[in-house]
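Biologist: Please take a close look at a single part of this model. I would like the helix packing, told in one go.

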Amino acid sequence: MNNEAVSDEATTPRLRRGVKFRFDETRQAWVLLAPEKLFTPEGTAIEVLKRVDGARTLGEIIDDLASVFQVPRDLIAKDVAAMLRDLEAKGAVSL
């Protein structure tokens, strides 16, 4: 993956095959389950992952988050891109 891929707001992020994002009743927390991996996202990361549905583009996710949290779009765009790049490197997200 290169930085251009995630900076293209037409990119549609999706969870990789075998990865699940759900609320775990036992932990009382949102979890991202990947083969042999468990991530426990917090705060804004949960809101980003709720929107990674394989249908919305990166631009649509950023627009929605900027509106909901009333944060400057350029600021949230950098944070969302960095988070998704990190999850891609860990094998959880495909960009």
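Modeller: What follows is a walk through helix α2 and the elements around it. This is a predicted model, where local features need pLDDT of at least 70, side-chain atom pairs count only at pLDDT 80 or more, and totals for chains, interfaces and linings use all residues. Residues are numbered from 1 along each chain as its sequence is written, and side-chain values use heavy atoms, with hydrogens and water left out.

Confidence comes first. pLDDT is the predictor's confidence in each residue, from 0 to 100. Its mean for the protein is 91, and 93% of the residues reach 70 or more. Over residues 1–5 the pLDDT is below 50, and this stretch has six contacts in the model beyond near neighbours in sequence. Contact means heavy atoms within 4.5 Å. Where pLDDT is low, the predicted coordinates should not be read in detail.

Now the helix. Helices (H or I, at least four residues) and strands (E, at least two) are DSSP runs, numbered from the N terminus. Helix α2 covers residues 44–51. Its buried residues are Ala45, Ile46, Val48, Leu49 and Arg51. Buried means under 20% relative accessible area, exposed over 50%, and partly exposed in between (1.4 Å probe, protein chains only). Those buried residues pack against β1, β2 (20–24), β3 (29–34), α3 and α4.

Take the strand side through Leu15, which lies in β1 (residues 14–15). Leu15 is partly exposed, at a relative accessible area of 23%. Leaving aside residues up to four places away in sequence, Leu15 touches Lys20, Phe21, Leu32, Leu49, Val52, Ala92 and Val93.

Next, the helix side. α2 and α3 pack at about 135 degrees, with axes 10 Å apart. Axes are lines fitted to C-alpha atoms, for helices over the stretch in contact, and angles run from 0 to 180 degrees between N-to-C directions. That makes α2 oblique to α3; angles under 35 degrees count as roughly parallel, over 145 as roughly antiparallel, 65 to 115 as roughly perpendicular and the rest as oblique. From α2 come Glu47, Val48 and Arg51; from α3 come Ile61, Asp64, Leu65, Val68 and Phe69.

α3 (residues 58–69) also packs on α4 (residues 73–89), at about 125 degrees with axes 9 Å apart. That makes α3 oblique to α4. Leu58, Gly59, Ile62, Asp63, Leu65 and Ala66 of α3 meet Arg73, Ile76, Ala77, Val80 and Leu84 of α4.
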